[in-house]
Each structure stands twice: as C-alpha cells, then as structure tokens.
There are 2 protein chains.
Amino acid sequence: MVQQDRAIRTRRLILEAAASVFDDRGYDRATIAEVLERAGVTKGALYFHFASKEALALAVLDEHVLDIAVEPQPIKLQEFVDVTQVLSHRLCSDPIQRGAARLAVEQGSNHLDRKRSMISWTQFVEGVLGEARDRGEVLKSVVIRETAELYVGAFAGIQLMSQTLANRTDLNRRVTVLHQHTLPCIAVPAILAKLDLDPERGEALDAAIKAGALVDATAP
Amino acid sequence: MVQQDRAIRTRRLILEAAASVFDDRGYDRATIAEVLERAGVTKGALYFHFASKEALALAVLDEHVLDIAVEPQPIKLQEFVDVTQVLSHRLCSDPIQRGAARLAVEQGSNHLDRKRSMISWTQFVEGVLGEARDRGEVLKSVVIRETAELYVGAFAGIQLMSQTLANRTDLNRRVTVLHQHTLPCIAVPAILAKLDLDPERGEALDAAIKAGALVDATAP
C-alpha cells in the first residue's frame with residue numbers, strides 16, 4: 001500500500017512537472033529532459049509511468065477534466081457555475097490546469113489529439129445541463145448539445161484572452177460576465193433568480209474542496 | 001500611379017503568403033525563406049515592405065481587424081452580427097484571417113505582442129455597441145466594455161474549437177448559437193425580434209462585399 005501511494009505521488013509529481021513545461025514552452029518545444037529536471041525524478045521513473053511526451057500530454061489533458069469535483073447543490077445549474085469558477089481559479093495557479101489549457105488551445109504543428117479535451121469537456125457540460133433539464137431548471141428552448149459546445153468554446157477563448165491581457169487574474173470576473181450574458185437564455189426564471197454568480201465564489205469553493213480532500217486523506 | 005498600384009499588390013501578396021505560413025507553422029516555426037517561396041518575390045521586395053518576421057506578423061494582425069467593412073444597416077446590431085458572420089466565413093478561406101487567428105490565440109514562447117489584436121477587436125466591438133446604444137437598441141443593463149470583451153474572447157475560443165473539430169466548416173452556425181445565447185441579454189426586445197441571425201448570411205454578405213469592391217476597382 002505504501003509503495004502504491006508512493007507510485008501515485010511520483011506519477012502526480014511527473015504530471016505536474018510536465019504540465020508546467022507544456023505551459024511554459026508549448027508541446028513542440030517541451031522536452032522530456034526538462035520534465036525530468038523539474039520533477040527531480042529519474043528517466044526510469046518517468047518512463048515507468050509514461051511512454052512518451054505524447055503520453056504525458058494526453059495524461060495532462062485527461063487529468064484536467066477529471067480533476068474538478070464540486071459540492072453537490074440543490075440547484076444543478078449552480079454546480080455548473082461552480083465548476084467554471086473553480087476551474088477559473090485553478091487556472092491561475094494549478095500547473096495541471098494551466099498546462100492543459102495551453103495544450104488544448106494550441107494549434108500545433110504536431111499530431112497531438114487536441115479534440116479529446118474539447119470533446120470531454122463538452123460531454124461533461126452536456127451531462128450537467130442534461131441533469132439540470134431533468135430537474136426542470138432549463139428553458140425548453142435550449143438545445144443541450146449546442147449550449148454545451150458554446151460554453152466550452154467560449155470558456156476556452158475567455159481564459160486565453162484573460163491570460164494574454166492579465167495573466168488570468170481577471171478570469172473569474174470574465175466568467176461571471178459570460179454567465180450573466182448566457183444564463184438568462186438557459187435557466188428558467190425562478191432558478192435564474194437563485195443562482196450565485198459571484199466571481200469570488202471560485203476561490204472559496206476551491207479552498208473548501210481542498211480542505212475536504214485533506215480531511216479525506218488523513219481519515220483512517 | 002501604376003508603380004504605386006504594383007507596390008500595393010506586392011505588399012498584399014507578401015502579407016497573404018506570410019499569413020498562410022503563420023497559419024501552417026505558427027510564429028516560432030515560420031521562416032522568411034518560406035514566405036519568399038510562397039509569395040514568389042525577391043528578398044529585396046520583402047524587406048522593402050517589412051523589416052522582419054515580427055513586422056510581418058504585426059501587419060497580418062493589424063490587417064485582419066481593418067479588413068471587414070460590411071454594408072450599413074438600419075439596425076446597428078445587425079451590422080455587428082454581420083461582421084461576425086463575414087469574419088466567420090472568411091476564416092474558412094481567407095489566408096490573412098486564418099493566419100491572424102492563429103497568431104492571435106497562440107501562446108508563443110516569443111515576444112510578439114498579441115495583446116494588440118485583442119485590444120483592437122475589443123475597441124471595434126465597443127464602438128459598434130456604443131453606437132447601437134446611442135440609437136436605443138441596447139438594454140440599459142449592458143456594460144458595453146464587458147460585453148465587447150466577452151464577445152472577443154468567446155469568438156476567439158469558438159473559432160478555435162470549430163477549427164479543431166471541423167476545420168471551421170461549422171463556424172457560422174456556432175457563431176449564430178453565440179448570438180442566440182447572448183443577444184437577448186443585449187438588445188431591446190423590439191430590435192431583437194428584427195435581427196437576422198441566419199448562419200448563411202456570412203457567405204452572401206461576403207460575396208456582396210467582394211462584388212462591390214470589384215466594381216469600385218474598375219470605376220474610372
């Protein structure tokens with residue numbers, strides 16, 4: 001068990017180092033050598049977990065979609081808002097999220113399959129919006145697939161603009177603006193009135209998630 | 001005059017070649033040698049117009065903002081919709097627009113100033129929305145600057161997603177979805193009801209603009 005824990009920690013260490021190299025250099029210019037240096041692990045340890053630079057990049061891209069689990073809310077659309085705000089907050093500091101964001105939007109000369117990140121996020125948003133619709137929170141006019149794709153595309157561009165102009169320090173506010181402009185076309189009025197779109201919410205929720213994770217980790 | 005015309009044509013030829021190289025390779029991997037080859041001009045001709053690769057990239061980024069002039073409409077917000085649809089259509093085929101799009105969203109390792117493209121587009125959209133507000137077309141709740149920034153960011157991401165998933169063939173439809181989700185929070189109802197959001201509009205408008213430009217060019 002202890003050995004397995006150590007393997008999980010090493011894998012995470014390598015992933016975070018790789019993500020930070022991808023964030024700084026992009027896929028094409030990233031090297032395994034720099035990942036090894038930042039992670040402080042041996043070549044053998046890295047290749048035990050990841051077969052290639054491409055495998056590292058795909059693992060980073062997979063990780064960032066799975067990585068966000070917010071507290072369940074009475075209103076499903078609030079959970080949707082919360083995911084976007086936690087993600088925005090993490091894009092300021094979390095290496096996995098930052099590296100994945102660059103990989104996902106980079107129009108590279110290589111053959112890295114960037115579709116999967118966009119498709120995974122779209123499926124995730126579709127799932128949340130579909131559940132919100134089943135609970136009667138969504139206007140009948142909404143076509144879930146179209147709305148999900150709109151959100152994924154718009155979010156990708158907004159985080160990129162915020163990154164270019166303000167190193168993402170204003171991303172939470174920009175995401176609130178996106179919600180303010182779109183949720184009135186998505187949520188039924190009674191739900192819309194109850195949604196908390198406060199841009200500060202991301203930081204507080206992220207702290208709560210991390211506190212919860214710490215408690216879990218130390219539980220017997 | 002003839003010589004000046006030729007210089008303008010040569011400059012355009014070089015710009016289009018450079019944009020197509022930037023589109024294919026990105027800024028870092030683009031070379032002057034490949035631009036010369038695609039443009040079929042001499043090194044002397046290129047350096048007469050552009051001092052460096054950076055100057056070429058900045059010219060491409062400037063050109064794509066200035067390049068779209070749609071027919072004036074009785075409703076200003078219709079002009080705004082029209083610009084986004086013509087731009088979407090051109091992103092499928094126009095080398096300047098394609099090259100500029102990649103340069104603008106690329107998170108490069110170089111020092112190319114990508115802010116100016118985003119700032120120019122934001123100012124452009126702010127100008128159009130401000131005029132629409134002065135004509136009474138915009139809801140009082142709208143903060144023009146925020147809405148303009150939202151549109152520029154969202155559009156950047158949507159074109160990127162469309163490029164990744166469908167080589168931009170569905171971009172006009174995706175932009176219509178963006179309008180459908182946001183214009184109800186921007187336009188007063190009487191205006192909203194009159195807006196034509198048809199995704200096919202981009203192609204028709206672009207053809208009309210080009211036909212008009214041809215007539216102008218052959219006028220005495």
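Visitor: Helices (H or I, at least four residues) and strands (E, at least two) are DSSP runs, numbered from the N terminus. So how much of residues 31–50 of chain A is helix, and how much is strand?

Guide: In this predicted model, that stretch is 75% helix and 0% strand, and its end C-alpha atoms lie 13 Å apart. An unreviewed UniProt entry annotates residues 31–50 of chain A as "DNA-binding region"; such annotations may be inferred rather than shown by experiment, and their positions follow the numbering used here, with feature names shortened.

Visitor: What are the ground rules here?

Guide: Residues are numbered from 1 along each chain as its sequence is written, and chains are lettered from A and ligands numbered from 1 in the order in which they are written. Local features need pLDDT of at least 70, side-chain atom pairs count only at pLDDT 80 or more, and totals for chains, interfaces and linings use all residues, while side-chain values use heavy atoms, without hydrogens and water.

Visitor: What is the mean pLDDT of chain A?

Guide: The mean is 89, and 93% of the residues of chain A reach 70 or more; pLDDT is the predictor's confidence in each residue, from 0 to 100.

Visitor: How many residues are in contact between the chains?

Guide: In chain A, 38 residues are in contact (heavy atoms within 4.5 Å) with 38 residues of chain B.

Visitor: How many salt bridges are there between chain A and chain B?

Guide: There are six, each with a side-chain nitrogen of Lys or Arg within 4 Å of a carboxyl oxygen of Asp or Glu. One of them joins A:Glu149 and B:Arg173 (3.9 Å, N to O). Helix 8 of chain A gives the most to the side of chain A that touches chain B, with 15 residues.
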